[in-house]
Amino acid sequence: MATEVTTLNLTNIVDRESLWAELDTGPEQVKLQDSFVPSKSESEDTEEEEEEENRADDEAESEHTESADTSGAQVSTESSGSGSALYGSIEEGRLVNGLRRAESERTQASDSLSSEDEEDLELETMARSRLLKQEREKREAIDSLFLHVLLYPVAGGWRHLLQGLSLLDSLLRSSAECPLVDALSSNSLDTSAAAHLNLVSNLLHRHQQAQDGKGFYGCLLSPSSSPSLPPSILIELLVSLCLRFLRSHYPSYLSLGPLDLQGNREVQVRSVEVLTRIVNQLGCVARGHEGNGAGAEPIRRVLSRCQVQQYALLTLSASMYVSQRGMDKVASRNVELLVEQGGLSEESLVNLGSGGGQEQYPLQMELLKLLEALIVLEHHVGLGAAIPSGGLGGASSQPVESRESPAASSPLAREWQTAVLFQQSIKSAQYVQSHPITAQGMFVSAAAMALQPQYGYAMHPHWVSLLCSTLPYLGRSLGIIVAPLIGQICRNLDELVKLYEHDGGKTNQSLSGRRENIAPDYPLTLLEGLTTITHYCLLDNKRSLVACEPSDIRNARNAVIEALPEMLTSMVLLWGVVRREEFHRRASDSGQNSRQTSTSVYFKSTKILRHRILEFLVPLTGQYGIQMMASLGVVWSSRKSRRRHKNMVLPVASEARLAIVDLVKSLNTLQTDTILQLIKEVVKKPHQIKGEQKSALVDIPMLQFSYAYIQTISAQVLHENIAPLLSLLRESVQLNLAPPGHFLLLGILNDFVNRLPNLDNKKDTRDLQEVTQRILEAVGGIAGSSLEQTSWLSRSLEVKVQPQVCPEADEPDDADAEELAQASTMVSSSAPSIYSVQALALLAEMLASLLDMVYRSDEKEKAVPLISRLMYFVFPYLKNHSAYNMPSFDAGAQLLSNLSGYAYTKRAWKKEVFELFMDPLFFTMDASCAPSWKSIIDHLLTHEKTMFKDLMSLQSGSLKLFGNVDQKPMLLKRQAFAMFSGELDQYHPYLPLIQERLTEALRTNPSPAVSAQMFLMFRVLLLRISSQHLTSLWPIMVTELIRIFARLEKSLQPDKEVSKLAKVVRGAIERNGPVNFSQAELDMYLSACKFLDTSLTFPPEQIPVFQMYRWAFVPEVDVNRFNGPEMSLMEAEQECIPHVVKVLEGIQQRYGTLNGLSEESSTERLEFPLLTQCSLRSITQLLPFLRTLCCSFQVPPPNGHLMQHYPIADYPATNPRAVLRKLEHIIEKEFLDSTES
């Protein structure tokens, strides 16, 4: 840091004669001093003259060592291509020209290499040339930022400059009433007043001469040959001197220490401070002359001649570039590439220091204060109010098309001319004369980029302060500046929230790299700036002292409204941080979760942050409620939701979306009725909110928000807002919403009815019934979108042959679902409907309970016509048993299952359900549909008292529903399923009728298919009738089981042992070969074995009667292990062999040798039930079952050669309840037929 220099601790004496001699002889005869010797006069009469002499003497000594490297004001706005030519005329031109000659040599070497025709390098050369062209264009734009720079030839002197600038700053600070500025503005440099002033004038002329490209020493040129003259008015002289110090840098070829660089930066900062103080006092003078154009003309002349605004903007732009230069490593590599090709940049001539961008921050802070003062001053002096018709002036390098009329007499022509000139100025990358700072492209681009991270977080509060304080003065630039500014503020806030959410993890490089530069109150500062900007543009500012054009405010308002979604996104993210912090604080206070406190310093003060967020939003709700709600819809769409639960169509709000709901509830100006009214307006006329990629309707997101919002309010608040809610539903259902919108309306209605089941007001009840009917009909229409008419004039419907989307199988994300919702109106009639299954699933979940609560006990009949209209779209799905229709079939079955539970609805479905029950394809369905159909059939038989009796009394010969197939087994299967659908002992009173039907079936020599279904009915009876009621049926069941086993045994006997009667049995074809059983016989034998398996699976205490018959089927004692006279058989007695053993031996004799059946040994323990397969391909598949039965019941265990090492099943079962549930599942599965077949 430089040593602090005061104005009173040095006394310096200058020998003017020696100075004159030095100027006349030239630099080769004088040894340049490293340190400057500023002069201090002691003989002036007035304070103004004393200060001017001191100021000018300091300037003389500093300019003694200063060499201009550009032509100053005259070339600062020219194209960067002229910069190199100007360098050839300055004193240090030999060095620059030498460097340019080196460039030429390198270029020639490069050309000689590229002239070789090597095909493998052609693509690389083209790519390199494109890269060089792009970087050269970038370099030219950067060089234009340094064309105004002046270079010192030697180091030193900054301490004396600081002394003089400090003195001048003290004088300006002490003259609060602006007498010093008034005196300086009205007096000129009088060389006749004092001898030393003549020297000062001579020095000024020499410096101007050197700055114009001539020599500093030697004879002074005549005024006629000099292109410009130094200012004579004292105020202009001071301003121009401060600007020279601001523009002055050390060249890169000087060897400097860090103290010299830091000293020069302090000189620049101090010179800007003095300039700011001068401009502020000129502003006070201009306000005093406001309305008097002649009074403001001297100030305009000072600004124009000294080009204060131009140099301030150029210096700020260059400083901003330097501060972010170190962040872009790719750019630095490309610069090296340009230098390698021989390029030399203006930037490379200036020593900008090797430190980071933070060295530039003090200068930028002061420059922003200067710009603020200049903007206000320009407004008071009327700069830019009347743009000349000649165009942009000579300072601009861009030509202006003079399309306007010369006179521009009409107001419209003048307005058009002003707009054209403004557009040309705002798009220019260089300073444009006669336009205010706020209309300069340099200022607008700097303001748009200033809040980007690479320009330093420490500078952001100062930029926000500048732009907020100058909002009334921005004029036409207001909308152009605030749009990118708001966007960048929101992005910076979002980055902070991401850093908070992922603290301790891998954060964004742009933020984590500069994290130490961010002040703790940074988010609050940005929020305050965002609030000021937004409220100024959107709300009426009657208290503003500066009048603004209505068109400018209107354009800015439109720009801010377009940015509302981005601002609300940031507010929601910050609100989520507030919610989490408050939750953690409450958890910490209660001792539950003391470790989850925040580690972010930016969000410690959640109360202040909450207040700032509400301070931003609350004033906007009154005038811009609809726009805010529409923007919330966009924010809602951008927040990802959890994936929907299985079989659920309506989305479940995530934490991010619940934060939106909580934020809206916290706005005390928005009551529930107001929110519902705003939602209704947005849904009726959804605004096309412009997003990042495309505009999207917000009606569906708005309904999603309302669905989540209504779930969070209390029942009391809901009761107080019945009318607004019904109005929202009534008007929304009439709109052409996408299907998800109608689903959400049904969800809102269902939640409302469930929480307020009884309405006292009859009008509200009628309105509710009307709204319910309309919404259900709309959803019903969506459910029928996969149906089509069978013929042109027919009203009957059938399912389109097309794939269907199942909600739980192919669940899209929220974003995908919303895109599909937007495109739903574009789906043609031939395209597959993705919403019909969802509509059926939603109706299945809500319809039955909703109608039960909407229609009271004395009004139930009113709902039947509505149910009939809805079922008109459901029954076609239930009639189609194809595999592609299974999603709709399942959803329709669930709907009918829930609806049939209410007796008053039976008129709407009774007839159709019985027809479906008698359909030959009734059992062709997925296993997931079976529980629903059990419930449906149970309700059908329960609501109609005689239905079960009628079903059991049906004669198969009278049925015409099954075509030309055997109807008896199909009827038996449906009767068994009817009993299986009921509860335990539900059909006990009908047991005599059941026994009668079974006896009739057995009496007529049943076919194998009938026998198979009878055993299935026996198993159902075991599950649905208590054991004490089944005593009379056991003889029938056991007899039929024995008959089937005996039939199988005879089929397996060798031909010589088969009786004449048994020879007619199919399958006994070969003498001792395998028996070829038909599929019907295999099904019958499997069904008989399953009945035996089920009987053995039951706990013995539940079917004690069967225990008396068990010995006839399974071996319980191995008689071969007992010897003795008491165990011998009497004459004419036959040994009793269980049927299982006989069948096992028969299969082994028939199939063992031919098929090579191996008797695999196993020691595993099995569990009943043993048979779980649904069909047999061969009788040998029963071998494992039969072997296990032969081993499992013998006491002690068998040791014969046939039964050794076979698996044994645990008997009785250790968990009877689990066994019974397994039996239920197996029997339910056996009723079903595969949809694939």
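This is a predicted model: local features need pLDDT of at least 70, side-chain atom pairs count only at pLDDT 80 or more; totals for chains, interfaces and linings use all residues.
The largest cavity takes in about 210 Å³ of space. What lines it? There are 19 lining residues, and those nearest the centre are His-249, Gln-268, Leu-352, Gln-360 and Leu-363. Two elements give two or more residues each to that lining, namely helix 10 (258-288) and helix 12 (308-325). If you sort the lining by class, you get nine nonpolar residues, nine polar ones and one charged.

Next, a quick look at a helix. Which of its residues are buried? Those are Arg-657, Ala-659, Ile-660, Val-661, Leu-663 and Val-664.

Now for the rings. Searching the whole structure turns up 32 aromatic pairs. Take Phe-977 and Phe-1231: their ring centres are 5.2 Å apart and the planes meet at 75°, which is over the 60 degrees needed, so this pair is edge-to-face. Phe-977 belongs to helix 40 (residues 967-981) and Phe-1231 to helix 48 (residues 1216-1231), so the contact ties together parts that are 254 residues apart in sequence. Both Phe-977 and Phe-1231 are buried.

Where do they sit? Both are in helix 42 (residues 1008-1024), three residues apart, or about one turn of the helix. As a reminder, an α-helix has 3.6 residues a turn, so residues three or four places apart point the same way. Phe-1015 has 0% relative accessibility, so it counts as buried. Phe-1018 is buried as well, with a relative accessible area of 0%.

Going back to Phe-977 and Phe-1231, they are part of a cluster joined by ring pairs, together with Phe-889, Phe-917, Phe-922, Phe-923, Trp-933 and Phe-980. One member of that cluster, Phe-923, also has a charged neighbour: Lys-973 lies over its face, 4.5 Å from the ring centre. Elsewhere, Arg-795 places its charged end over the ring of Tyr-872, at 4.9 Å from the centre.

How values were computed:
Residues are numbered from 1 along each chain as its sequence is written. Side-chain values use heavy atoms; hydrogens and water are left out. On a 1 Å grid over the protein atoms alone, a cavity is a set of points where a 1.4 Å probe fits but cannot get out, and a pocket is an open set with protein on both sides within 12 Å along at least five of seven lines; lining residues have an atom within 4 Å of a point. Grid points are joined across faces, edges and corners, and a volume is the space filled by probe spheres set on the points. Helices (H or I, at least four residues) and strands (E, at least two) are DSSP runs, numbered from the N terminus. Ala, Val, Leu, Ile, Met, Phe, Trp, Tyr, Cys and Pro count as nonpolar, Asp, Glu, Lys and Arg as charged, and the others, Gly among them, as polar. Buried means under 20% relative accessible area, exposed over 50%, partly exposed in between (1.4 Å probe, protein chains only). Rings of Phe, Tyr and Trp (its six-membered ring) pair if their centres lie within 6.5 Å; planes under 30 degrees apart count as stacked, over 60 as edge-to-face and the rest as tilted. A charge sits over a ring if NZ of Lys or CZ of Arg is within 6 Å of the ring centre and within 35 degrees of the ring normal.
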